[in-house]
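The sequence and the structure come first.

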Amino acid sequence: MKTVIMGASGLLGNYLMQHPFFKNAIGTACSKLNTQLNRLDLTLQDDTEKFLSQLYPEHIIHTVALTDVDFCEENVTKAYLVNVETTKNIVSWIRRFSPTTKLTYISTDHIYNGKGPHREKDASPSNVYSLTKLYSEDIASQVDRYLVLRVNFFGYGINVKDTLSDWIIKGLRQEKRIHLFRDVLFSPLHLEHVVDSIVECTIQDIKGVYNLGSSGEGISKAEFAKLIAEVFNLSCENMEIISVADSKLKTYRPRDMRMSVGALESALGHRMPTIREGVELMHKKMEVF
């Protein structure tokens, strides 16, 4: 299957490109190019259509996104351009030139708000970032073969950028004072488990909208840090547990982003990994990174 991975220089795109299943995939990036990637500005419709018309891929995985919540709130036009217009351009090409091409769109757990764990029907965006991502989901669903995966992931950044788990590990190792929220809840999944799931969805040709997260009832960000400390045998002495209400965040963020993954588990035919299994995998990979 000829696959194009949009945003291959990003964190998830990088992991996807390294998976054996996607060894022949064609990766694109708008910046930070290396010899394996093709330069493409997805916000430009003509450039996007020209690039795709040279390849006619059977599968497009769209990982490109502007994820800085504060930046999106203060730069609505830019957020729309990167998070929405890119999806429009891909969907336009598929609908006009290649209606059998499958689109896998990577979305976010930030579209949820209120008490979780949330099912797929419970979307309730609460800021510009989540609004643009939910809008893009709707656009992605306009092709015949689409898959939307709402996800929150962790794992080593592989020289791309630090993840939440990278930040926690570095802070604990360096004995820095780090503040963690006791009342922000989520269901993160290790990046390798995310990629494995995308591979399974591709092989089984799963379509629709699904939560892609860890099994179980979710965890607070403070509990997540404590779990990392336990598995990595690090001290929690300099960890300060606070409420998000005491923070100085500029933009509102949802408090409970926990996701129910029952629908995807049923589609795949097995249980999703737990958060602990993901943290233990990260510890196992420690020497590699």
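## Basis of the model

Glu49 is buried, at a relative accessible area of 10%; buried stands for under 20% relative accessible area, exposed for over 50%, and partly exposed for the range in between, with a 1.4 Å probe and protein chains only. The model is predicted, so local features need pLDDT of at least 70 and side-chain atom pairs count only at pLDDT 80 or more, while totals for chains, interfaces and linings use all residues. Residues are numbered from 1 along each chain as its sequence is written, and side-chain values use heavy atoms, with hydrogens and water left out.

## Salt bridges

There are 14 salt bridges in the structure, each a side-chain nitrogen of Lys or Arg within 4 Å of a carboxyl oxygen of Asp or Glu. One of them pairs Glu49 with Arg96, with 2.9 Å between the closest N and O atoms. Glu49 belongs to helix 2 (residues 45-55) and Arg96 to helix 4 (residues 76-97), so this pair ties together parts 47 residues apart in sequence. Helices (H or I, at least four residues) and strands (E, at least two) are DSSP runs numbered from the N terminus. Arg96 is exposed, at 52% relative accessibility.

Lys102 bridges to Asp205, the closest N and O atoms being 3.4 Å apart. Lys102 sits in strand 5 (residues 102-108) and Asp205 in the loop between helix 7 (191-203) and strand 11 (208-212), so the pair ties together parts that are 103 residues apart in sequence. Lys102 is buried at 3% relative accessibility, whereas Asp205 is partly exposed at 26%. Both residues belong to a network of salt bridges that also links Arg145 and Lys207.

A further salt bridge joins Glu192 and Lys285, with the closest N and O atoms 3.5 Å apart. It connects distant parts of the chain, with Glu192 in helix 7 and Lys285 in the segment after helix 10 (275-284), 93 residues apart. Glu192 is partly exposed at 23% relative accessibility, and Lys285 is partly exposed at 26%.

## The two sides of helix 2

The buried residues of helix 2 are Thr48, Glu49, Phe51, Leu52 and Leu55. Viewed down the helix axis, they fall within an arc of 165°, so they line one face of helix 2; the arc is taken from the directions from the helix axis to the C-beta atoms. Asp46, Lys50 and Gln54 are exposed residues on the face turned away from the buried side.

The cover over the buried residues of helix 2 includes strand 1 (3-6), strand 2 (26-29), strand 3 (37-39), strand 4 (59-62) and helix 4, where contact means heavy atoms within 4.5 Å.
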